[in-house]
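Student: I have a structure to read and I would like to learn how. Can we work through it together?

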Amino acid sequence: MVKTFPLPKLGEGEVLVKIEAAGVCGSDVHMWEGRDPRIRLPMILGHEGVGEIAEMKGEKKDIDGIPLKIGDKVLWNRSVTCGHCYFCKVKMEPSLCPNRKVYGIHTSCAEPPYLTGNYAEYLLLAREIDIFKIESGVDPQILVPASCSGATAAHAFDLSQMEPGDSVLVQGVGPLGIFAVALARSFGASQIIAIGGTEERLKMCKTFGASLLLNRHHLSKEERKEAVMEVTHGLGVDVAFEMAGEPEALKECISLVRPGGACISAGFGAPHGIVEIDCYHDLDRKNLRLQGVWASEVRHTHMALKLTLNRIQDFTKLITHRFPLDQANDAIRVMKTKEAVKAVLLPHE
Ligand SMILES: [Zn+2]
Ligand SMILES: [Zn+2]
């Protein structure tokens, strides 16, 4: 439903952006279905976006120190953290900050400044938000996925301890998995195996550097295992990335990692099932490193943004569907059915 709100009066350091494109994230589907415990209704959905600075109060620089002005195209880090808690200051893991707030997830539009989600014509950025200026000549909508799926995938690689030459398995071929394939390629993986259930998305993984595509609708679990073992000399992969958010996918990742390897899980953005593991064979006997990944930090948005800019032609193909604001429900639907690889809303078109 499209609603009208008054434009806010800006406080010191705040920036009002005119949203040029808002990304529909897999998590938005969960929130739309009421499966995400973080949301407070009523709300404006949308935590991925790019836009143009429409108004700003006071001086402000982007993350590279470039002074910002009205009319600049920008992308921003999607969350604010407190900067003072145990996780922010001592453990340097701000994505775990208990005070972390994300636009379009934790924010309600019941009270001022109302405009706190990206599925809107305008969004008010708080003083603490880190901003990335987008160079002219780049179509901003292509950069949208970098702000969530891209950043989360970059966080997963940051925690993976992957080394050049490693064999990598990516389980799940949505935007998160596709970014993982692109990152594995740039980190120098020797093998990139993608497991997914959508042919079009698997083909996109090939564009981004996957060396082996396994469609789980065409190959049984045993056949997939055989294929992975064949290209890894019977060992299993060095690092497996679970990017699907399905318990079965995580189980399969664990079973396909070599002894001493790592399994990195970033797919579970909302509660979604339980996995039973064979602690002797799959965990201890294997020296398995099982690593979870929650959200991302500013440095990961930076990594995802630069990666996207480096491969702008390929990432252009990621945006398969575009909708006006009043068709937001259709945009979410095509993400849910996996008809789209990535859908964006264009509020001003
Ligand atoms: Zn904190
Ligand atoms: Zn997201």
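Tutor: Let us start with one strand pair. Three bridges join strand β1 (residues 15-24) to β15, and the two run antiparallel. Two strands pair if DSSP finds at least two bridges between them. Strands (E, at least two residues) and helices (H or I, at least four) are DSSP runs, numbered from the N terminus. Before we go on: this is a predicted model, where local features need pLDDT of at least 70, side-chain atom pairs count only at pLDDT 80 or more, and totals for chains, interfaces and linings use all residues. Residues are numbered from 1 along each chain as its sequence is written, chains are lettered from A and ligands numbered from 1 in the order in which they are written, and side-chain values use heavy atoms, leaving out hydrogens and water.

Student: Which residue in β15 stands opposite alanine 22?

Tutor: Look at the antiparallel pair of β1 and β15. Alanine 22 faces a residue of β15, and that residue is leucine 345.

Student: How many bridges join β14 to β15, and what is the handedness of the crossover?

Tutor: Strand β14 (residues 319-323) runs parallel to β15, with four bridges. From β14 the chain passes through helix α11 (residues 328-336) to β15. With the strands pointing away from the viewer, a clockwise path from the first strand over the helix to the second counts as right-handed. So the answers are four bridges and, for this β-α-β crossover, right-handed.

Student: Are the residues on the two faces of β15 buried or exposed?

Tutor: In a regular strand the side chains alternate between the two faces of the sheet. Buried means under 20% relative accessible area, exposed over 50%, partly exposed in between (1.4 Å probe, protein chains only). Lys342 and Val344 lie on one side, Ala343 and Leu345 on the other, and all are buried.

Student: Which residues coordinate the zinc ion (ligand 1), and what is the arrangement?

Tutor: Donors are N, O and S atoms within 2.8 Å of the metal (3.2 Å for Na, K and Ca); water is not among the atoms, so sites may look incomplete. The SG atoms of Cys82, Cys85, Cys88 and Cys97 lie at 2.3 to 2.4 Å. Four donors count as tetrahedral if all angles lie between 85 and 135 degrees. Here the angles are 104 to 120°, so the arrangement is tetrahedral.

Student: How many disulfides does a search of the whole structure find?

Tutor: Take cysteine 109, which is buried at 8%. Its sulfur is too far for a bond, because the closest cysteine sulfur, in cysteine 25, is 19 Å away. For the whole structure, the number of disulfides is zero.

Notes:
A disulfide is a pair of cysteine sulfur atoms within 2.5 Å. Four donors count as tetrahedral if all angles lie between 85 and 135 degrees; four count as square planar and six as octahedral if opposite donors are over 155 degrees apart and all others between 65 and 115; anything else is irregular.
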